[in-house]
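Please look over the sequence and the structure shown here. The briefing that follows takes up pockets, a pair of helices, cavities and some details of the backbone.

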Amino acid sequence: MSPRLSTVILPVRRWHEGGRDQWVRAEQLGFHTAYTYDHLSWRAFREGPWFGAVPTLTAAAGATERLRLGTLVTSPNFRHPVTLAKELITLDDVSGGRVTLGIGAGGNGFDATALGQEPWSPRERADRFAEFVPLLDTLLTEGAVSSQGTFYSAVEARNIPGCVQRPRLPFAVAATGPRGLRLAARHGQAWVTTGDPKLFEEGTPEQSLEALRGQVGRLEAACAEIGREVGPMEKILLTGFTPERNTMLESVDAFVDFAGRHLELGFTELVIHAPIPDSDFAADESVFEKIAIEASAQLNG
């Protein structure tokens with residue numbers, strides 16, 4: 001399959017003060033998908049503007065025609081499968097079937113305690129994720145669902161008429177551990193990774209590539225366990241969290257070099273952050289646009 005180039009637009013701008021323009025421009029630049037983060041707040045952006053993912057994507061659906069839209073990623077930290085399913089079916093309808101749900105187990109960020117709960121342990125997050133994903137899958141594919149779980153239940157939950165995309169909108173499951181990779185193998189139309197977080201500060205590009213190669217191999221093994229062919233599965237790298245994060249967007253050549261090495265590992269989609277001044281995602285806007293246009297053409301040439 002041809003490699004795809006996508007972007008992440010963090011929801012930090014008011015819609016009528018540049019927010020809408022970013023989504024329209026992403027479509028004009030030819031990105032395959034424009035994603036946003038699904039958080040209540042996030043890291044260094046906590047004290048500034050931060051808008052909700054689903055309303056933002058709904059507005060983006062009305063402002064664009066071809067661009068796919070999605071979350072990277074939604075998690076159980078403040079979501080419930082029953083209410084999330086209703087929102088996703090609505091978003092899929094408004095967009096005409098252009099939505100991908102990126103979904104992960106979540107972490108210990110601000111979302112983890114915003115509803116007043118104690119932070120979940122890694123084991124509880126994994127347990128909840130293992131229950132969350134299959135129930136959401138069922139809710140999005142069946143008109144009426146009743147299910148009793150340890151963490152999440154549904155009682156005669158109605159989801160008529162279902163998704164525009166059949167049997168449901170695609171899941172892009174973020175995972176690196178064995179339990180998450182098994183969920184990706186069973187329920188994901190795509191798999192997402194950011195690389196090895198232990199290499200973010202001190203690692204080398206070579207170490208990062210080797211770690212990603214290992215993750216791809218473990219995904220292949222998880223698919224093999226259930227008799228699934230891993231080849232057709234989309235493999236998404238959310239960039240910006242590997243040792244090359246400060247150099248990969250410096251020029252078209254730098255990005256093409258980065259992209260080529262990662263596409264060789266089997267990744268089918270690379271996602272780059274839209275620039276945000278004075279942040280970890282600061283980058284030259286003109287270079288970013290050149291990458292969108294020229295790098296994509298080179299990678300597909």
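**Spaces, helix packing and backbone details**

The largest pocket holds about 1400 Å³ of space, where a pocket is an open set of points on a 1 Å grid over the protein atoms alone, with protein on both sides within 12 Å along at least five of seven lines, and a volume is the space filled by probe spheres set on the points, which are joined across faces, edges and corners. This is a predicted model, in which local features need pLDDT of at least 70 and side-chain atom pairs count only at pLDDT 80 or more, while totals for chains, interfaces and linings use all residues. Residues are numbered from 1 along each chain as its sequence is written, and side-chain values use heavy atoms, with hydrogens and water left out.

**Pockets**

- The lining of the largest pocket is made up of 40 residues, and those nearest its centre are Ala105, Gly106, Gly107, Ala174 and Thr194; a lining residue has an atom within 4 Å of a point.
- At least two lining residues of the largest pocket come from each of strand 3 (68–74), helix 4 (122–141), helix 5 (178–187), strand 8 (190–193) and helix 6 (205–225), and helix 4 gives the most, with four residues. Helices (H or I, at least four residues) and strands (E, at least two) are DSSP runs, numbered from the N terminus.
- By class, the lining of the largest pocket has 18 nonpolar, 16 polar and six charged residues, where Ala, Val, Leu, Ile, Met, Phe, Trp, Tyr, Cys and Pro count as nonpolar, Asp, Glu, Lys and Arg as charged, and the others, Gly among them, as polar.
- The second largest pocket has about 340 Å³ of space, and of the 19 residues that line it, Gly240, Arg245, Asn246, Asp280 and Phe281 are the closest to its centre.

**Helix 3 and helix 4**

- The axes of helix 3 (residues 81–94) and helix 4 come within 9 Å and cross at roughly 45°, the axes being lines fitted to C-alpha atoms over the stretch in contact, with angles from 0 to 180 degrees between N-to-C directions.
- Helix 3 is therefore oblique to helix 4, since angles under 35 degrees count as roughly parallel, over 145 as roughly antiparallel, 65 to 115 as roughly perpendicular and the rest as oblique.
- Pro81, Val82, Leu84, Ala85, Leu88 and Ile89 of helix 3 make the contact with Phe132, Leu135, Leu136, Leu139 and Leu140 of helix 4, contact meaning heavy atoms within 4.5 Å. The residues of this contact comprise 11 nonpolar, no polar and no charged.

**Cavities**

- Two cavities of 30 Å³ or more are found in the structure, a cavity being a set of grid points where a 1.4 Å probe fits but cannot get out.
- The largest cavity has about 50 Å³ of space, and its lining consists of Pro3, Arg4, Leu5, Leu263, Leu270, Ser296, Leu299 and Asn300.
- The second largest cavity, of about 40 Å³, is lined by residues including Leu84 and Leu88, and helix 2 (53–63), strand 3, helix 3 and strand 4 (99–103) each give two or more residues to its lining.

**Backbone**

- Most residues other than glycine have a negative phi, and most peptide bonds are trans.
- The peptide bond from Leu72 to Val73 is cis, with omega near -10°, and Val73 belongs to strand 3.
- The bond from Ile160 to Pro161 is also cis, with omega near 15°, and Pro161 sits in the loop between strand 6 (154–158) and strand 7 (171–174).
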